[in-house]
Amino acid sequence: PSQPKMLSELMIDRREFNNLVNVYESNSSLLKYEYPPGSNQFVCYKEYKVPNGLSEEVEDFIKEIIRELFITNQARHPCTVELLYFDLSDGKNSPILIKRFYEHESLLNCFEDSDKKYSKWGKKYGPPNFEGTIYTLLMYRIARGLRYLHHLKILHRDLNLSKILIDENFSPHISG
């Protein structure tokens with residue numbers, strides 16, 4: 001596990017992303033950008049919409065974003081999601097968190113039967129050449145990530161298939 005970074009090292013101006021093109025088709029608030037441009041490295045850009053409501057609701061929302069920011073930064077491990085940058089806004093804009101983009105999305109997406117016959121990878125259970133050993137490695141790495149979180153005295157409270165992101169090497173990363 002790597003050491004948490006100083007939060008000042010992770011602050012970024014959202015305007016750096018203004019002229020970049022989203023290369024990810026999704027109806028959600030997630031955007032995929034090549035950053036830095038020309039690097040062939042991709043980031044997941046997520047803008048959080050501040051609720052229009054009572055000041056108490058907005059305050060709780062901001063507390064939750066800051067909590068996620070601190071926990072994701074503290075929990076730097078090969079089996080957890082990597083926080084790259086953030087911008088908490090200046091009062092006019094919504095907060096953004098920028099994390100590493102995980103190519104195969106969530107474990108739920110990997111095993112979802114889109115037409116009740118085949119998964120995203122073209123066969124019923126998992127990617128091509130998925131064997132019992134790969135499933136065992138997935139489970140081991142998820143357990144390893146949870147063990148690390150528990151070592152930091154962090155309890156996930158909502159671990160499910162959509163909170164486990166899968167990278168290009170089919171390694172899992174626990175998300176918040």
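Author: The structure holds 10 salt bridges, a salt bridge being a side-chain nitrogen of Lys or Arg within 4 Å of a carboxyl oxygen of Asp or Glu. This is a predicted model, in which local features need pLDDT of at least 70 and side-chain atom pairs count only at pLDDT 80 or more, while totals for chains, interfaces and linings use all residues. Residues are numbered from 1 along each chain as its sequence is written, and side-chain values use heavy atoms, with hydrogens and water left out.

One of the salt bridges joins Lys-32 to Glu-103, with the closest N and O atoms 3.7 Å apart. This pair links distant parts of the chain, 71 residues apart: Lys-32 belongs to strand E1 (residues 30-34), whereas Glu-103 sits in the loop between strand E4 (96-100) and helix H3 (107-111). Helices (H or I, at least four residues) and strands (E, at least two) are DSSP runs, numbered from the N terminus. Lys-32 has a relative accessible area of 9% and is therefore buried, whereas Glu-103, at 37%, counts as partly exposed. Here buried means under 20% relative accessible area, exposed over 50%, and partly exposed in between (1.4 Å probe, protein chains only).

Helix H2 (residues 55-74) contains Glu-59 and Lys-63, which are four residues apart and so separated by about one helical turn. Their salt bridge brings the closest N and O atoms to 3.5 Å. Glu-59 is partly exposed, with 46% relative accessibility.

Glu-64 and Arg-67 also lie in helix H2, three residues apart, or about one turn of the helix. Their side chains form a salt bridge with an N to O distance of 3.3 Å. Both partners are partly exposed: Glu-64 has 43% relative accessibility, and Arg-67 has a relative accessible area of 36%.

A network of salt bridges links Arg-100, Asp-167 and Glu-168. Two of these residues, Arg-100 and Asp-167, are also in contact with His-173, contact meaning heavy atoms within 4.5 Å. His-173 lies in strand E6 (residues 172-174) and is buried, because its relative accessible area is 5%.

Methods. Lists of a residue's contacts leave out its neighbours within four places in sequence.
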